[in-house]
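Here is a short briefing to read alongside the structure. Please keep the viewer open and follow each topic in turn.

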Amino acid sequence: MGWVALSCYFIFQERNIDIPDMYSPHFSRGARARNERSDHTLEHHYRVDIFYEAINCQIMELNHRFSDSSTELLRLPTTLDPKSVDEPFRSGDIIELVEKFYPEDFNEQEKIVLKIQLQHYEIDFVRHADYKPLTSMSELCQWLINTRSVANFHLIYRVASLVLTLSVFTATTERSFSAMNLIKTRLRNKMEDEF
């Protein structure tokens with residue numbers, strides 16, 4: 001028993017707080033008679049029946065809160081993130097990102113050139129020693145400019161720039177809606193000349 005658990009035990013004893021035996025059998029109310037044997041312990045009840053169920057409810061709520069396209073928009077650019085350097089480089093994710101979310105920013109010829117640039121980028125930079133200390137997409141963009149690689153990988157730079165501006169656009173929109181909530185309240189919606 002750790003010192004934290006031991007000190008809690010003494011505090012509970014001191015204040016006459018009952019400590020349940022977590023290995024004792026658990027009987028659900030109304031479902032079983034007291035003389036019937038139970039296979040579930042109190043620990044199982046709290047861990048599986050309550051805790052895991054609460055976690056599952058939260059996961060389901062998060063899954064319903066964000067649409068598939070929003071999740072995909074956040075997942076696809078992670079290939080370019082230098083933090084994911086240990087994972088395999090998935091150039092197909094970047095192509096999918098460009099085709100689904102930025103179709104007007106790239107024409108068909110640029111998409112073909114982007115595929116070629118991604119192949120060279122994976123060989124030249126992802127395995128490069130100077131690439132590994134980078135920690136963010138903004139550092140990646142700065143590094144491409146400082147190493148003068150932006151001339152050869154201008155489309156990758158454009159994708160990274162578009163991904164970086166995504167959070168700014170989202171924050172601006174959220175800020176606008178927050179301001180609207182301050183101005184447009186339920187009481188003001190009901191206001192008429194007579195009120």
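Is Cys-141 buried or exposed? In this predicted model, Cys-141 is buried, because its relative accessibility of 7% falls under the 20% cut-off. The points below start with the cysteines and then turn to the helices, the surface and a loop.

**Cysteines**
- Cys-57 is partly exposed, since its relative accessible area is 42%, a value between the 20% and 50% limits.
- If you are wondering about disulfides, a search of the whole structure turns up 0 of them.

**Helix α2**
- Helix α2 covers residues 42–65, which makes 24 residues.
- At 1.5 Å a residue, α2 should span 34 Å, and its end C-alpha atoms lie 33 Å apart, so the two values agree.
- Look along α2 for a kink of about 25 degrees, which is centred on Tyr-52.

- Tyr-9 counts as partly exposed because its relative accessibility is 36%.

**The loop between α1 and α2**
- Ser-24 belongs to the loop that lies between α1 and α2.
- With a relative accessible area of 22%, Ser-24 is partly exposed, as the cut-off for buried is under 20%.
- Ser-24 and Asp-39 are 15 residues apart in sequence, and their C-alpha atoms are 9.8 Å apart in space.

Conventions: Residues are numbered from 1 along each chain as its sequence is written. This is a predicted model: local features need pLDDT of at least 70, side-chain atom pairs count only at pLDDT 80 or more; totals for chains, interfaces and linings use all residues. Side-chain values use heavy atoms; hydrogens and water are left out. Buried means under 20% relative accessible area, exposed over 50%, partly exposed in between (1.4 Å probe, protein chains only). Helices (H or I, at least four residues) and strands (E, at least two) are DSSP runs, numbered from the N terminus. The expected span of a helix is 1.5 Å times one less than its number of residues. The bend at a residue is the angle between axes fitted to the seven residues ending there and the seven starting there. A disulfide is a pair of cysteine sulfur atoms within 2.5 Å.
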